[in-house]
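Work through the exercises below with the sequence and the structure side by side, trying each task before reading its solution.

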Amino acid sequence: MNTRIIINSSITLLTFLTISACGVSDYINSKKIANAPVYKTPAKTSECEFSQLRIQRVVKYINAMRAQPRVCGDKAYSSAPEIKWSNQLANAAVSHSDDMANNNFFNHKGTLGLIASDRVSNAGYNWKTVAENIAAGTDTPEQTIDQWVISAGHCHNLMNHLHTDIGLACIRNNLSDYRIYWTLILASSSSSPGSSN
């Protein structure tokens with residue numbers, strides 16, 4: 001079943017967060033949080049359609065964008081290596097989009113005080129770097145990515161050469177202010193090739 005919601009594009013919100021395991025370990029609790037909630041999408045929300053074909057198209061779209069050198073704010077990036085889909089990162093992204101949609105807020109910090117690195121650890125991904133882009137109000141992954149790439153901080157996250165994996169999710173809730181909430185998590189595993197861990 002395909003559902004389409006038409007949303008006024010003027011209410012699109014974007015924000016970003018970058019975390020690196022190097023140099024900020026005092027700030028980030030990278031350990032799995034005891035008794036972390038298991039996220040289940042309540043009946044009032046619906047997960048956006050992410051078929052295997054859609055996932056392949058999103059990864060191809062992001063990789064095509066990363067293949068082009070670009071300037072993000074005041075930093076020039078050469079083309080970045082390809083990334084791949086991670087179900088663990090997608091699960092972490094779903095948990096945050098679901099939290100934002102159901103609790104009608106837009107922020108990197110969740111209602112339980114969790115940040116991206118907490119959600120990624122809770123999803124079982126052993127990370128070395130983590131970055132998160134969030135958006136609200138856009139209809140498609142392509143529209144959302146296109147808006148991120150023209151925003152300096154989001155663009156930095158997308159073009160970071162250290163990231164090897166992504167997970168993307170969106171949750172719709174017609175009762176919330178922005179109706180659709182996107183979370184993209186980009187990360188590299190501490191067991192990735194070239195890792196010092």
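**Exercise 1: two helices in contact**

Find the residues through which H1 and H4 touch, and then describe how the two helices are arranged.

Solution. Arg-54, Val-58, Tyr-61, Ile-62 and Met-65 in H1 meet Pro-141, Glu-142, Ile-145, Asp-146 and Val-149 in H4, where contact means heavy atoms within 4.5 Å. The residues of this contact divide into seven nonpolar, no polar and three charged. The model is predicted, so local features need pLDDT of at least 70 and side-chain atom pairs pLDDT 80 or more, while totals for chains, interfaces and linings use all residues. Residues are numbered from 1 along each chain as its sequence is written, and side-chain values use heavy atoms, without hydrogens and water.

Next, take the geometry: helix H1 (residues 52-66) and helix H4 (residues 141-149) pack at an angle of about 20°, with their axes 11 Å apart. The two are therefore roughly parallel to each other, a term for angles under 35 degrees.

**Exercise 2: a covered helix**

Determine which residues of H5 are buried.

Solution. In helix H5 (residues 152-159), six of the eight residues are buried, that is, under 20% relative accessible area with a 1.4 Å probe, protein chains only. They are Gly-153, His-154, Cys-155, Asn-157, Leu-158 and Met-159.

**Exercise 3: a serine after a strand**

Locate Ser-190 and decide whether Ser-190 is buried or exposed.

Solution. Ser-190 lies in the segment after strand S8 (180-189). With a relative accessible area of 7%, Ser-190 is buried. Finally, the side chains of Ser-190 and Asn-126 are joined by a polar contact of 2.8 Å, a pair of N or O atoms within 3.5 Å, one able to donate a hydrogen and the other to accept it.

Technical notes: Axes are lines fitted to C-alpha atoms, for helices over the stretch in contact, and angles run from 0 to 180 degrees between N-to-C directions. Helices (H or I, at least four residues) and strands (E, at least two) are DSSP runs, numbered from the N terminus. Angles under 35 degrees count as roughly parallel, over 145 as roughly antiparallel, 65 to 115 as roughly perpendicular and the rest as oblique. Ala, Val, Leu, Ile, Met, Phe, Trp, Tyr, Cys and Pro count as nonpolar, Asp, Glu, Lys and Arg as charged, and the others, Gly among them, as polar. Buried means under 20% relative accessible area, exposed over 50%, partly exposed in between (1.4 Å probe, protein chains only).
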